[in-house]
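Please look through the following structure together with its sequence.

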Amino acid sequence: MEEHMTTWSSTAIWAAIGVIGLCTFAIRLSFIYLFGRIDTVPDRVEHVLRYVPAAVLAALVIPAVITIQPTIEATLVDDRVAAAIVAGVVAWRTEDVFATIALGMGTLWAIRFGPSLLGL
Amino acid sequence: MDRRFPHPDLLAGIRVSGPILLGIIPFALVAGISAANAGMTVIEAVGMSVFVFAGASQLAAIDLIDSNAPFVVVVATAVIINVRMLMYSASIAPYFQAFSTRVRALLAYVLTDQAYAMSVAEYERTPDRNRLWYYTGIGFTLWIVWQLGTFAGAVIGAGVPEALGLEFALPLVFLALLVPAMKDRGTTTAAIVAGAVGLGAAVAGVPLSLDLPIAAVCGILAGVTVDAWRNI
């Protein structure tokens with residue numbers, strides 16, 4: 001029996017894993033189960049669902065890219081913001097996930113490590 | 001029906017998972033490493049990845065267990081972080097209607113931000129894509145890599161070079177999917193409002209990771225409103 005740095009017992013940890021796991025599975029299954037029981041998805045529901053991808057993706061991307069700083073300049077002059085702008089243009093022109101990541105990460109690394117690699 | 005195995009759309013799903021793994025692998029390593037640092041065993045760390053299979057909620061739970069938070073707080077926080085998947089479940093459900101309950105349960109088990117976003121984008125772009133195989137290719141590739149990554153992280157227990165910022169690959173994946181999802185005035189409005197509210201919520205410090213559901217709901221409402229306005 002290994003010792004925990006947390007004071008939680010192994011039983012408590014497994015109980016938490018079990019409860020979180022069951023609830024998470026129930027959330028995932030919810031509508032996938034329900035919509036299988038009914039013949040068609042109601043028009044009104046489908047109408048609302050068409051906005052979900054854009055809204056969720058934007059809510060995931062923007063806070064991960066931008067960190068609000070005291071000044072507008074400090075907020076926008078940031079390696080992640082620059083990398084995301086490059087990646088956004090690539091995504092718009094190519095719609096290619098790999099190209100978007102490659103050029104986005106490339107930009108991030110060029111800004112972070114470029115100056116010291118060039119001896120600046 | 002195509003009886004070839006492996007089905008070409010399974011391979012297509014596995015292939016598109018490649019770039020996502022750039023973001024998933026460091027994330028999984030971090031989940032394993034922080035579990036080890038919190039004093040969880042390798043089996044507990046991997047067990048959490050198998051039973052929960054949701055990165056953000058796992059990290060939050062590990063962090064709270066590490067600080068000896070009460071059981072209810074740990075469970076509630078982790079579950080609330082995963083409430084966003086209700087939206088994914090509803091959004092992807094129409095595509096899965098034809099499958100048996102058992103198959104749908106299996107597909108639901110591997111539902112993640114990435115599997116959802118990549119699949120729905122592809123279903124809209126390529127309607128004759130085999131939905132089951134394509135989604136399976138993404139979902140189970142991510143599942144396997146997530147398990148291996150947490151295992152490796154829990155065993156290594158050491159740090160990944162943080163300056164590389166590999167975790168930034170994840171928002172880039174979402175960005176690559178976001179741009180084509182903004183296809184008209186309604187969806188573009190939904191994205192702008194959701195992004196702005198998400199940023200505002202991050203600044204205001206909304207507790208328990210409720211930022212995402214709040215921002216998404218505001219965006220969806222804005223999209224619906226803009227389109228309803230135009231159609232009056």
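## Domains of chain A

Chain A is divided into domain 1 (8–42) and domain 2 (51–120), where the bounds come from an automatic or database domain assignment. The C-alpha centres of these two domains of chain A lie 34 Å apart.

This is a predicted model, in which local features need pLDDT of at least 70 and side-chain atom pairs count only at pLDDT 80 or more, while totals for chains, interfaces and linings use all residues. Residues are numbered from 1 along each chain as its sequence is written, and chains are lettered from A and ligands numbered from 1 in the order in which they are written.

## Where the two chains meet

Two residues are in contact if their C-beta atoms, placed from the backbone, lie within 7 Å, and on this basis 62 residues of chain A are in contact with 80 residues of chain B. The elements of chain A that give two or more residues to this side are α1 (10–37), α2 (43–49), α3 (52–65), α5 (79–94) and α6; helices (H or I, at least four residues) and strands (E, at least two) are DSSP runs, numbered from the N terminus. The largest share, 20 residues, comes from α1(A).

By class, the side of chain A that touches chain B has 45 nonpolar, eleven polar and six charged residues. Here Ala, Val, Leu, Ile, Met, Phe, Trp, Tyr, Cys and Pro count as nonpolar, Asp, Glu, Lys and Arg as charged, and the others, Gly among them, as polar.

A:Ile20 is placed in helix α1 of chain A, and A:Ile20 counts as buried because it has 26 C-beta neighbours inside 10 Å. A residue is buried if 20 or more other C-beta atoms lie within 10 Å of its own, exposed if 12 or fewer, and partly exposed in between, with C-beta atoms placed from the backbone. Not counting residues up to four places away in sequence, A:Ile20 touches B:Val52, B:Ser57, B:Ala61, B:Val75, B:Ala78 and B:Val79.

## Two helix pairs

Two packed helices are described by the angle between their axes and the distance between the axes. Axes are lines fitted to C-alpha atoms, for helices over the stretch in contact, and angles run from 0 to 180 degrees between N-to-C directions. Angles under 35 degrees count as roughly parallel, over 145 as roughly antiparallel, 65 to 115 as roughly perpendicular and the rest as oblique.

Helix α6 (residues 97–117) of chain A packs with helix α1 (residues 8–37) of chain B at an angle of about 25°, with their axes 9 Å apart, and α6(A) and α1(B) are therefore roughly parallel to each other. In this pair, A:Val97, A:Phe98 and A:Ile101 meet B:Val16, B:Pro19 and B:Leu22, and the contact has six nonpolar, no polar and no charged residues. Within chain B, helix α7 (residues 113–125) and helix α8 (residues 131–156) pack at an angle of about 155°, with their axes 9 Å apart, so α7(B) and α8(B) are roughly antiparallel.

## Two loop residues with positive phi

Most residues other than glycine have a negative phi. B:Phe53, although not a glycine, has a positive phi of about 50°, and B:Phe53 lies in the loop between α2 (42–51) and α3 (55–66) of chain B. B:Asn68 likewise is not a glycine and has a positive phi of about 55°, lying in the loop between α3 and α4 (71–81) of chain B.

B:Phe53 is buried, with 24 other C-beta atoms within 10 Å, whereas B:Asn68 counts as exposed, with 12 C-beta neighbours inside 10 Å.
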